[in-house]
Amino acid sequence: MYKMKLFATFALLLFIFIGYRTYTQFNDLQNTEKIILLSESEAIAGFVDAFRQTYQSIFITNHIEIDEQTLNLLPVKTISDISERFSENVNGDIMIRTVSDRPRNIDNMANQFELEQIQYFKNNPEKTDNFVHKKDSYFYTQPMYIKPLCMKCHGKREDAIPSIRQKYATAYDYKLGDIRGLLNIEVKKRSIFKTLYADFIENLMGTFFLYIFFLVVIYLLIQKMRDKEEKYTHELENEIEAKTKEIEKQKDTFETLFEKSSDGISILYDGVIIQCNEKIVEILKYETKEKLLNVHLSLLSPEYQPDGRLSYEKAEEMIAVTYEKGWHQFEWVHKKADGEEFIVELTLTPIVLDDKNVIHGVWRDISDKKKAEIALHEQKDMLDFQAHHDALTGLPNRVLFLDRLEHAIEHAKRHYHNIAIFFIDLDYFKEINDSLGHHVGDMVLVEVTKRFKSHMREIDTLARLGGDEFTIVMEELENIENATFLAEKIEHSLVEPIQIDGHRFYLTCSIGISAYPQDSDKPENLLKFADTAMYHAKEEGRNNMQFYASEMTDHAQERLSIQTDLRQALERDEFVLYYQPQIDVKNQISVGLEALIRWNHPQKGLLLPAKFIDIAELSGLIVIIDKWVMEAAMKQFVTWHAEGLNPGLLSLNLSMRQLRSGDFIDVLKKNIEKFNFDPKWLELEITESQVMRSPEESISKLEEISNMGIQIAIDDFGTGYSSLAYLKRLPVNKIKIDKSFIRGIPHDQENVEIVKAIIALANSLGLNIIAEGVETEEERDELFKYDCAYVQGHFYFEALPAIEIKERILKK
């Protein structure tokens, strides 16, 4: 039966195919006929158009008069005559007409079809021709447009050729491009095509009889095959019955394994559970299997997985990965019916079940395994911490300290930094252990650790090597001598006594310091050298620090001494102000004074700022010193003005630390009000390098100062890395050329070019310019020649105390 249906279907499809081929061949024959006739029509139309234009040109260019004799030679008449004779010669198969809807000759009046064609071309000006099939003929039409030569006969009547104007009263007032009429070529079907159609019918009949014969043969073959098939079918049914019994037995085995498995098993379709075993119901603590069916995997999970992703989105991704890889195993957090979360190991495998692409999933609860792994990891971390840290203080031990030191050296090599290694030993600590026991000693060490740690930066490492020995790695030092500041803090942290169990301990420490790269680039050597320096500190009487290099120790001690003395200098009124005049070169007068601090040290005499300003900056004392300078200078200027003197502009040096201090603007305003000081008398100088460390912050603060009427100057210009974009934004009034560029001009050509460039830049920005450090007449003259109007330096005056400024400058 099946083969008969197949045979009938095949016969029908073959019939459809033959019918379709016949239809397409018939259409091709018709199209061929149409193409041939269209080509003929286009050729005839081209000839007629050429003939018409030629005759028009002859009539007009030769000024042929229109009379009864020449009338018949006009293109429209001639074409009509030629068309009639041509039609007779081809037995009426082709007829050519040139017609108009406004003819001068009634014989050329368009019929209904031609009028429709004229209207068609008027409605569709983009069309150049039309080919129409009607009954047994094809009609090829073309619009005839008014061209320049046509205007001689069909334009304004008054402009027409006189003979035309006299002969005809109609068909005037056309414009260029108007449709004057229509060329209509009628082509009747040819006998040759009838022959082709007859041949086509004959071939069609032959194909039909062949089709019938072919079907009969196939039918007989199918009938024979059908008999054989019935025999084969009977044998196959017996075999299928045997196989079915075997499959049912395997199914029973699978269902037993499915239900009795120690792992949860589920079948997922589009992420939804469509089948599962009882183990999953048990794992998830649901009452029945039915409550789990048709539930999406993500709904049995918390909203988010441990990696922070939404469970629904991640479930979709895991399913996609399973199909892509053919197998996927991963960990997943599920939620039981009572809300408890637990971890399972999911193994997903794509399979086909009941003609559906589904996923076979195996669930294994690994919560206990994970807890054991976490405990093991925590234990490992604890053992690792114990192996690298001191049990008493929690500080890094020797192993971790040397590892940190090695990494610090590698970092310093890449970034060209210095490192200081401290070796600290508590003085006389052994006596505490011996007298009060190790329990008290341990509590003292814990307290000491807290105090030391309070002074550590995040990048530094504090370690305990054992007993009362501590070490420090101090990184990213621009100057190794800056390690003395931390050493001082360490020493100072022990000034307050330590109280333990009713005992009060006054502790001191001895500190040894080694330096990378000055002393060594090996961690073991640096630690050994710091230890050596520490013993040297003990030999020097304890409670002090020593550098491994003796010359550095001397210098560091000097800096510490200066820092200590600085703290007392303000209280003892040891600072004094000197003033250096700023000179208008053209008029040779002083226009302002720069206030410069000096330290009248009781042992070392008068010290210049170079000896103590850097230390003041590092220790933070610079802010207090700058406040003193501001108050003293303002007070002096107000005094001079009260005496009728004009000291000009007061220039004060402003440090970045001072500018950043939260109360600087308030202090400045209070001093102006306190001394009745006019803000226009004041100019604040800040170095270029300091401004460029934090340009945005500098701009904000300096704009606030400028809005008070105070002038701002950039000091040491040319030594920093100014951005022109920032320089334009800074509220600056003046640029001071650094003295390093003044040396050697005009002989040092490089300095000359730099100075000229700075002056040109200042002039372009509308800023005043002053050169500092001018020491010779030649330097002064060259600067003036370069258009630098103001100078400052020893050529005119050194910095002088206030009394000398008054006598030598202001009273002149």
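Analyst: This is a predicted model. We can begin with helix length. Helix α12 covers residues 438-453. At 1.5 Å a residue, its 16 residues should span 22 Å, and the C-alpha atoms at its ends are 22 Å apart, so expectation and model agree.

User: Which residues of α12 are buried?

Analyst: In α12 the buried residues are V440, G441, V444, L445, V448, T449, R451 and F452.

User: How do I read the faces of a helix? Which residues of α19 are buried, and where do they fall around the axis?

Analyst: Look down the axis and note the directions of the buried residues. Helix α19, residues 664-674, has F664, I665, V667, L668, N671 and I672 buried. Viewed down the axis of α19, these lie within an arc of 165°, and therefore line one face of the helix. K670, E673 and K674, on the other side of α19, are exposed.

User: What do the buried residues of α19 pack against, and what follows the helix?

Analyst: Their packing partners are α17 (622-642), α18 (656-660), β21 and α21 (695-706). After α19 comes N676, with a positive phi near 55°.

User: Since β21 has come up, what can be said about E683 in that strand? Is E683 buried or exposed?

Analyst: Strand β21 spans residues 682-687 and includes E683. E683 has a relative accessible area of 0%; because buried means under 20%, E683 counts as buried. The side chain of E683 makes a polar contact of 3.0 Å with the side chain of K734. Beyond four places in sequence, the residues in contact with E683 are Q582, L649, L650, S651, L652, Q711, A713 and K734.

User: How do I read a sheet? What is the strand order, and which strands are at the edges?

Analyst: Strands of a sheet pair through backbone hydrogen bonds, in either a parallel or an antiparallel way. Here five strands make an open sheet with antiparallel pairing, ordered β6-β5-β9-β8-β7. At the edges are β6 (272-276) and β7 (328-335), each of which pairs on one side only. On average, neighbouring strands of the sheet are turned by 40° against each other, ignoring direction.

User: How many bridges join β8 to β9, and which residue of β9 partners P350?

Analyst: β8 (residues 341-353) and β9 (residues 356-365) run antiparallel and are joined by 10 bridges. P350 has I359 in β9 as its bridge partner.

User: Which helix lies across this sheet, and at what angle to β7?

Analyst: Helix α8, residues 311-325, lies across β7, β8 and β9, and runs at about 160° to β7.

Technical notes
Residues are numbered from 1 along each chain as its sequence is written. This is a predicted model: local features need pLDDT of at least 70, side-chain atom pairs count only at pLDDT 80 or more; totals for chains, interfaces and linings use all residues. Side-chain values use heavy atoms; hydrogens and water are left out. Two strands pair if DSSP finds at least two bridges between them. Helices (H or I, at least four residues) and strands (E, at least two) are DSSP runs, numbered from the N terminus. Axes are lines fitted to C-alpha atoms, for helices over the stretch in contact, and angles run from 0 to 180 degrees between N-to-C directions. Contact means heavy atoms within 4.5 Å. Buried means under 20% relative accessible area, exposed over 50%, partly exposed in between (1.4 Å probe, protein chains only). A polar contact is a pair of N or O atoms within 3.5 Å; within protein, one must be able to donate a hydrogen and the other to accept it, and residues adjacent in sequence count only if both atoms are side-chain atoms. The arc is that of the directions from the helix axis to the C-beta atoms. The expected span of a helix is 1.5 Å times one less than its number of residues.
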